[in-house]
Amino acid sequence: MAQHTFTCLDGHTCGNPVRLVTGGAPILRGGTMSARRQDFLARFDWIRRALMFEPRGHDVMSGSMLYAPTRDDCDIGILFIETSGCLPMCGHGTIGTVTMALENGLMTPAREGEVALDVPAGRVVAHYERDGRFVAKVRITNVASYLAASDIRIDMPGLGELVIDVSYGGNYYAIIEPQKSFAGLESISAGEVLRLSPVVRRLVQEKFQPVHPQDPTIKGVSHVMWTGKARDPRAHKRNAVFYGDKAIDRSPCGTGTSARMAQLAARGELGIGAEFVHESIIGTLFEGRVEAAAQVGNHDAIVPSIAGWARQHGINTIFVDDRDPLAHGFSVR
C-alpha cells in the first residue's frame, strides 16, 4: 500500500477551474505530446480520476500537468486532464496554466511576453501581459480549427428535430443554434442543459463520428454547445458548453470559441481579422479573433486566437491513499 502525493496550484479561468499539478505528475513515454496523452490514458488515468472527481475534485474540475516539450519550437509541454478525459487541447486550461506557471516561476519563456506550448493537438502560442508580479491577460493562438459537418438532423425527445453543426477547435463540438425547436440559450435552464446534452451528443455521434485528418487519436464529439443572444453589450454571442457527464463550462470555453469562430467563418460570417467576443453562462467573456486562413486535411480552416484572464486561489497538497476505497474518485450520476 502506498500514499501518492500531488502538489497543485488551484485557480480558475473566467470562472472555470484549473488545477495545475506541480508535483507528482508521472513520467510519460512518447515522442509527441499526442503519444504521451495516449500513454497517460493507458497507464495513469487513475491519477486524472483521483484528482478531478470527488472527493478531491468535483463534476466540473479541470486541470493540467507540465512536461518538457517534444518539439524544438516549443518552450514547454502541457497535458490536460478533466472529468471528461485527457483532452487534446483546452483553451481555458491553457490560459490558467500559463498564468499560474508564470506567476509561480514554473516556466521561463525564451522571449518575454510569449510562450510556445506543445500540447497533444499541436503547437499553441500564448502571448501574455504582466501587471507587476501577476499576469493580467493571456491570448492563445490556437490550433487550426474547422467546420467538420453541417446540418446534421436529429430527433430530440421533448424538443423535436434539431439541426446541428459539428466544428473543431481542439475538440469536436456539436453546436446548437436557435431554431424552430430551440429558441436559444435564454429559453432553457442550466438543469435542462445538463439533462439534454448527453442525449444530443449520443444522437449526433450516431449520425457522424469525426476524426481529425492529421491525428486519428483526436476523434468523436465530446462537447455540446448551446448558443443564444449575448446579454453583455460587449459580446456577440452567448454559449453554454456541456462536457463530461455533468459539467457546464463556466468560462466561455476556449476550444469551443475556436470551434464557433470556425463555424461562422465557414459560413462567411467572420473574415480574417474579425473579432468575436463570446459570453459564458455566468457572464464572463473571451475575446476571440480570426488570425489567418489555414487548411486541415481537405477542410478550409482558420487560425483562431482567444484572450482571457485567470486567477490563482489556492495551493493544494493532495494525498491519494491506496487504503482508501475511493482513492480513484467517483461521480454521482
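This is a predicted model: local features need pLDDT of at least 70, side-chain atom pairs count only at pLDDT 80 or more; totals for chains, interfaces and linings use all residues.
Colleague: Is helix α2 mostly covered or mostly open, and which of its residues are buried?

Modeller: A residue counts as buried when its relative accessible area is under 20%. In this model, helix α2, which spans residues 45-52, is mostly covered, with seven of its eight residues buried. Those buried residues are Asp45, Trp46, Ile47, Arg48, Ala50, Leu51 and Met52.

Colleague: Which elements do the buried residues of α2 pack against?

Modeller: They pack against the helix α1 (33-43) and against the strands β1 (3-13), β2 (16-23), β3 (62-67), β4 (76-82) and β19 (310-321).

Colleague: How many salt bridges are found in the whole structure?

Modeller: Side chains of opposite charge can pair when their charged atoms come close. A search of the whole structure finds 23 salt bridges. One of them joins Arg234 to Asp232, with the closest N and O atoms 2.8 Å apart, and another joins Glu161 to Arg153, where the closest N and O atoms are 3.1 Å apart.

Colleague: Which residues are linked in a network of salt bridges?

Modeller: Asp165, Glu177, Arg260, Arg267 and Glu269 are linked in such a network.

Note on methods: Residues are numbered from 1 along each chain as its sequence is written. Side-chain values use heavy atoms; hydrogens and water are left out. Buried means under 20% relative accessible area, exposed over 50%, partly exposed in between (1.4 Å probe, protein chains only). Helices (H or I, at least four residues) and strands (E, at least two) are DSSP runs, numbered from the N terminus. Contact means heavy atoms within 4.5 Å. A salt bridge is a side-chain nitrogen of Lys or Arg within 4 Å of a carboxyl oxygen of Asp or Glu.
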